[in-house]
Amino acid sequence: FHKECIEPISKHPYHPKHSLRFSQRINGFYSRKTCLCCLNYSYRQYVCSLCDFTICDDCAREPPLLEI
């Protein structure tokens, strides 16, 4: 991976309180959760362990417009 691709993201517009860390594989097991933006499953994601917030790699880089 490129260094800038796995750097923690701070001040993401959808989760500005805490930094998001890249997560892909943990001890040979995949960490697979639903992205809270697009609701898709992803093996490449950014996670806030304090809030249990998960966003996929695609939504983290280019946040989609969310509807209310």
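Me: Which residue in β7 is the bridge partner of Cys48?
Reply: That would be Phe53. Keep in mind that this is a predicted model.

Me: Okay, and how do β6 and β7 pair, in the parallel or the antiparallel sense?
Reply: Antiparallel, over four bridges.

Me: How many residues sit between β6 and β7?
Reply: Four, and the two strands form a hairpin. Asp52, in the turn, has a positive phi of about 60°.

Me: Which way do the residues of β7 point?
Reply: Phe53 and Ile55 go one way, while Thr54 and Cys56 go the other. Each of these four is buried.

Me: And what about β6, are Gln45 and Val47 buried or exposed?
Reply: Buried, and they point one way from the strand. Tyr46 and Cys48 point the other way and are buried too.

Me: Which strand pairs with β6 over three bridges?
Reply: Strand β1, residues 21-23, in the antiparallel sense. Within that topic, Arg21 has Val47 of β6 as its bridge partner.

Me: Let's switch to the inside. What makes up the largest nonpolar core?
Reply: Twelve residues in all, including Ile9, Leu20, Phe22, Tyr46, Phe53 and Ile55. Several cysteines belong as well, among them Cys35, Cys37, Cys48 and Cys56. Two or more residues come from each of β6 (45-48), β7 (53-56) and α2 (57-61).

Me: Which element gives the largest share?
Reply: β7, with three residues.

Me: Why would nonpolar side chains gather like that?
Reply: In soluble globular proteins, nonpolar side chains tend to be buried together.

Me: Back to Cys56. What is it in contact with, leaving aside its neighbours within four places in sequence?
Reply: Cys56 touches Cys35, Cys38, Ser42, Arg44 and Gln45.

Me: Now the whole chain. How many helices and strands are there?
Reply: Two helices and seven strands. Starting from the N terminus, the order is α-β-β-β-β-β-β-β-α.

Me: How much of the protein chain counts as buried?
Reply: 32% of its 68 residues.

Me: And what about the accessible surface?
Reply: For the protein chain, this comes to about 5200 Å², with 53% belonging to carbon and sulfur atoms.

Me: Last one: what share of contacts between residues at least 6 apart in sequence join residues at least 24 apart?
Reply: In the protein chain, 38% of those contacts do.

Key: Residues are numbered from 1 along each chain as its sequence is written. This is a predicted model: local features need pLDDT of at least 70, side-chain atom pairs count only at pLDDT 80 or more; totals for chains, interfaces and linings use all residues. Side-chain values use heavy atoms; hydrogens and water are left out. A nonpolar core is a set of buried Ala, Val, Leu, Ile, Met, Phe, Trp, Tyr and Cys residues joined through side-chain atoms within 4.5 Å. Buried means under 20% relative accessible area, exposed over 50%, partly exposed in between (1.4 Å probe, protein chains only). Contact means heavy atoms within 4.5 Å. Accessible areas come from the Shrake-Rupley method with a 1.4 Å probe; for residues, only the protein chains shown count as cover. Two strands pair if DSSP finds at least two bridges between them.
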